[in-house]
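Here is a short briefing for a reader new to this structure.

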Amino acid sequence: DAGPPAGLVWVGRAPGAQASTLYRAGPGGTVRRQVLPYAVNAIGCAPDGSVYGLAAARDGERFDGEPHPVRVRPDGTVDDLGPVSSDERYPLATGYAAALRAGPGAVLSLVVATGTTLREVRLRPGPPTLTATKPLPRTAFIGDWALDARGDLVTVTGSGGRAALLRLAAGTLRPARTALPGLPDGSNYGGAAVAPDGSLYVVHHRAQGRGTIYNDDLSISVSD
């Protein structure tokens, strides 16, 4: 196995900490860590290596109202992109799973799960703007997801005592599940990315000790 793709990223926060730590997987399973000045959730990685997510607070101070999209550049610089323009009241307050969608043209959007609703935030061009809202089907807990080449949202879920590959079809969001008996169960999956060959990589976290990165052919890639 060549190891996880560079777009495999996730965030964590130590007990009592006010800021998040960003983790980036690299070739051979190396993991880089960066402590952020923000409390961040719902992240995705762009092709240029920039990570985008939703920040609820900076330096321990919560933003008024809605989370702010932020960008972490490959060199570690963090940019606050400002509040999201929306006609809804706090539509992103419960955002958790997220992925980046590029296109059409220069458009870059963050696709976010918020409770039972999928929302898309256009990050560029222009200021961050909520552009789409759709109901999500009832599924097992989703810690994170990724977009594949067809535009489907894909992830691994472990709730209910059985790990499964979950695919939400582009456009309709119709769910399809494939059992993965070789993977652990539990709602501890967070961090997902699709490799150039189409394989899905996910991170399974443990309360104690190291987490493990898996790909969807059940090969264990690396330990974090």
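In the hairpin of E17 and E18, five residues lie between the strands, and glycine 198 takes a positive phi near 95 degrees. The model is a predicted one.

**Strand E18 and its partners**

- Strand E17 covers residues 189-194 and pairs with E18 in the antiparallel sense, over four bridges.
- Tyrosine 189 has histidine 204, in E18, as its bridge partner.
- E18 also pairs with strand E19, residues 212-215. This pairing is antiparallel too and runs over four bridges.
- Valine 202 has tyrosine 214, in E19, as its bridge partner.

**Burial of E18**

- How many of the five residues of strand E18 are buried? Five of the five, residues 200-204, are buried, so the strand is largely enclosed by the rest of the structure.
- In a regular strand, side chains alternate between the two faces of the sheet.
- In E18, Leu200, Val202 and His204 point one way. Tyr201 and Val203 point the other way. All of these residues are buried, which here means under 20% relative accessible area.

**The sheet E1-E2-E3**

- Three strands make up an open sheet, in the order E1-E2-E3, with antiparallel pairing.
- Strand E1 (9-12) and strand E3 (31-35) are the edge strands, and each pairs on one side only.
- From one strand to the next, the twist averages 25 degrees.
- Strand E2, residues 21-25, pairs with E3 over five bridges in the antiparallel sense.
- Leucine 22 stands opposite glutamine 34, which is in E3.

**The largest pocket**

- The largest pocket holds about 980 Å³ of space.
- Its lining has 47 residues, and Val11, Gly12, Arg13, Val40 and Asn41 lie nearest the centre.
- Which elements each supply at least two residues of this lining? They are E1, strand E4 (38-45), strand E5 (51-58), strand E6 (61-62), strand E9 (95-102) and E17.
- E4 provides the largest share of the lining, five residues.
- By class, the lining of the largest pocket has 23 nonpolar, 16 polar and eight charged residues.

**The second largest pocket**

- The second largest pocket holds about 460 Å³ of space.
- It is lined by 23 residues, and Cys45, Ala46, Leu100, Leu147 and Val194 are the closest to its centre.
- E4, E9, strand E13 (146-147) and E17 are the elements that give two or more residues to this lining.
- The largest share, five residues, comes from E9.
- The lining of the second largest pocket divides by class into 18 nonpolar, three polar and two charged residues.

**The cavity**

- The structure holds one cavity of 30 Å³ or more. About 30 Å³ of space lies in the largest cavity.
- The residues lining the largest cavity are Leu22, Leu36, Val40, Ile43, Val51, Tyr52, Gly53, Val70 and Val72.
- E4, E5 and strand E7 (68-72) are the elements that give two or more residues to the lining of this cavity.
- Which element gives the most to the lining of the largest cavity? E5 does, with three residues.
- By class, the cavity lining has eight nonpolar residues, one polar residue and no charged residues.

How values were computed: Residues are numbered from 1 along each chain as its sequence is written. This is a predicted model: local features need pLDDT of at least 70, side-chain atom pairs count only at pLDDT 80 or more; totals for chains, interfaces and linings use all residues. Side-chain values use heavy atoms; hydrogens and water are left out. Buried means under 20% relative accessible area, exposed over 50%, partly exposed in between (1.4 Å probe, protein chains only). Two strands pair if DSSP finds at least two bridges between them. Axes are lines fitted to C-alpha atoms, for helices over the stretch in contact, and angles run from 0 to 180 degrees between N-to-C directions. On a 1 Å grid over the protein atoms alone, a cavity is a set of points where a 1.4 Å probe fits but cannot get out, and a pocket is an open set with protein on both sides within 12 Å along at least five of seven lines; lining residues have an atom within 4 Å of a point. Grid points are joined across faces, edges and corners, and a volume is the space filled by probe spheres set on the points. Ala, Val, Leu, Ile, Met, Phe, Trp, Tyr, Cys and Pro count as nonpolar, Asp, Glu, Lys and Arg as charged, and the others, Gly among them, as polar.
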